[in-house]
Amino acid sequence: PSPPRHTNRLIKEKSPYLLQHAHNPVDWYPWGQEAFDKAKAENKLIFLSVGYSTCHWCHVMEEESFKNKEIGDIMNKNFVCIKVDREERPDVDKVYMTFVKVTSGGGGWPMSVWLTPDLRPFVGGTYFPPEDGVRHVGFRTLLLRIAEQWKEDKDALLKNSQKILEALLHISEISVRGQESPPPSKEVMATCFQQLSSSYDEDYGGFSKSPKFPTPVNLNFLFTYWALNRTTAEGARALQMALHTLKMMAHGGIHDHIGQGFHRYSTDQHWHVPHFEKMLYDQGQLAAAYSRAFQISGDEFLADVAHDILLYVSRDLSDQSGGFYSAEDADSYPTTTSGEKREGAFCVWAAEEIRALLPDPVEGATEGTTLGDVFMHHYGVKETGNVNPMKDPHQELKGKNVLIVQSSPELTAARFGLDPGQLGVLLQEGRRRLVAARAQRPRPLLDTKMLAAWNGLMISGFAQAGAALAEPGYVSRAARAATFLRRHLCDPASGRLLRSCYRGTGDTVEQSAVPIQGFLEDYVFVIQALFDLYEASLEQSWLEWALQLQHMQDKLFWDPKGFAYFSSEAGDPSLLLRLKDDQDGAEPTANSVTVTNLLRAACYSGHVEWVERAGQILAAFSERLQKVPITLPEMARATAGFHHTLRQVVICGDPQGEDTKEMLRCVHSVFCPNKV
């Protein structure tokens, strides 16, 4: 590559997403005092752009607008431009996303927001194309109009931004009204089940038509609902919904049949054509969900999927230090000589490629059958490609195939006159050759940032899978990652967690010049991970650290007036709002998980005030839990633990004795939620 023509301040950052923009002609600043001071000193508006490294539309907006010299000049002349990686600074992201959702009715990334010099938002949106079209205003026009408005009528704009801020403060408040008590668990659970049941897709599983996200929180809720209602028709339906969804996802194109792991979501109803990025938080939660599904059903297929996810993470998302990387991108170069990246290029196949890789005649099959014929039939490969053009707006997947299992092994075997055992061997050989062919392609970008919260979710995945599948190797991998957290993402002097660290040169782990302090979600997911790891390993030090972190979380984030925990700590003047999330999404919200954490902490330590605190969180979210618990399935699930109290399992014996280990394997083999 030729030397870059431009370099801005982001070159000094550690985040892979910020570094991607270090050579834009835009004079980007990271979020911080230097940018704020410049805006005030020069009386300029701020343009804030928030995204993350694996975000497809973030790449598009960069290519179209931020790499454009003319647009860059307009931005530099009229605005102080700030770039934020939302995975590093979820606090900043949440404040301005709240504004964008309220004012435009939708949200997403890249998020584009214009702020006054004192950081109050007044215009915002997501992706903007560079030039005007029939139905939309282009980014260039918008920049010029907003700059003009600031010049002509600054006072009106400032007044308006103050009104907006007051409205946001009012909208975002979550607190206990009067003497509210925690809502009745039975009703909350029943309503949540009904709402999930009515949004369930009977054919393909999942809880929407399209796009379809894995949302493990829904599946975990259904498993707990089944465990509490095993003998009822509703209980049976809850289990069927969860298991069918997991199986359809595993057969679908959202599951990488060649390279393992799961992509972020499916663009269609059939789990077929995904957005191809792979996120650590999905792998961690899905490994746990498939392990639970195996515990309940005994179906080895589900255990195999859990193994498959953990193989992917161990191989592709693991740092030498024991930590886990954040994500793998969707876009990559189709070949080593390609000039531009395409979405899914690393993962999709043309029919002729597969024929060329798998030309061998198959012994014992109907006359003239090749390995390619069998493989293509089983994985839904078509000569002209199997991607619906409606799901491929940029024609990036034209003529390509996303592998999806559309036929049972028995049907595929019968079609070619094979026995099912022989078919398994043939498909395995086919996958092995495609793995080797794919290794020749340029890999997508790896986001080597390591986040405390997501490492917590992944530790839980390894620890729970290790216990449920009786795989001690997974438990020791979880322990290695917990040791990494203690070493690199915990400040030994204060005992506080840090948000992020980064892969350095060689095998080092680096920290940014001013480390980002941990947020509520970092504490909550790490505490959950340490409880899971303690229960899988019975190493007491993990339990002790979990309890220390719970005390620290209480100190930094608890709201003594309105109850529940704030997402960020007090005292950052650049944050206009301290928010409490009220929705379980691709990840559960921190207040949902912390209810169960507090109950576990109280059980292990005898601190009854933690039980009281769990009840206060449920009371603060009471109205939402009673009306729309489908938005908080993880918290709805936690109401059962609060109302029924947790069961305690005590095992007495020599920790190294075979009889003790046998007893432990017995306990771990059964799905029993709400136990310690």
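Phenylalanine 563 lies in the loop between α20 and α21 (590–605). This residue has a positive phi of about 70 degrees although it is not a glycine. The model described here is predicted.

Leucine 538 is another residue other than glycine with a positive phi, near 55 degrees. The place of leucine 538 is in the loop between α19 and α20 (540–557). Leucine 538 has a relative accessible area of 45%, so it counts as partly exposed, since that class runs between the 20% limit for buried and the 50% limit for exposed.

**Prolines in loops**

Proline 515 is found in the loop between β15 (509–510) and α19. Its relative accessible area is 31%, which means that proline 515 is partly exposed. Serine 500 is 15 residues away from proline 515 along the chain, and the C-alpha atoms of the two are separated by 7.6 Å.

**The nonpolar cores**

The largest nonpolar core has 122 residues. Which of its residues touch the most other members? They are Phe221, Leu222, Phe223, Tyr290, Ile617 and Phe621. Helix α19 (residues 520–537) gives the most to this core, namely twelve residues. Apart from this core lies another one of 55 residues, including Phe122, Ala147, Leu168 and Leu575.

When its neighbours within four places in sequence are left aside, isoleucine 617 is in contact with Trp558, Ala564, Tyr565, Asn591, Thr594, Val595, Leu598 and Met635.

**The chain as a whole**

The protein chain contains 25 helices and 15 strands. Its C-alpha atoms fill a box of roughly 80 × 65 × 50 Å along the principal axes. A compact globule of 676 residues would have a radius of gyration near 26 Å, and the chain agrees with this because its own value is 26 Å.

Of the 676 residues in the protein chain, 58% are buried. Among contacts with a separation of 6 or more, 69% join residues 24 or more positions apart. The protein chain exposes about 28200 Å², of which carbon and sulfur atoms supply 52%.

How many positive and negative side chains does the protein chain have? There are 69 positive and 84 negative ones, and the centres of the two sets lie 3 Å apart.

Terms used. Residues are numbered from 1 along each chain as its sequence is written. Side-chain values use heavy atoms; hydrogens and water are left out. Helices (H or I, at least four residues) and strands (E, at least two) are DSSP runs, numbered from the N terminus. The radius of gyration is taken over C-alpha atoms; the globule rule is 2.2 Å times the number of residues to the power 0.38. Buried means under 20% relative accessible area, exposed over 50%, partly exposed in between (1.4 Å probe, protein chains only). Contact means heavy atoms within 4.5 Å. Accessible areas come from the Shrake-Rupley method with a 1.4 Å probe; for residues, only the protein chains shown count as cover. Lys and Arg count as positive and Asp and Glu as negative; His and the chain ends are not counted. The place of a charge is taken as NZ of Lys, CZ of Arg, CG of Asp or CD of Glu. A nonpolar core is a set of buried Ala, Val, Leu, Ile, Met, Phe, Trp, Tyr and Cys residues joined through side-chain atoms within 4.5 Å.
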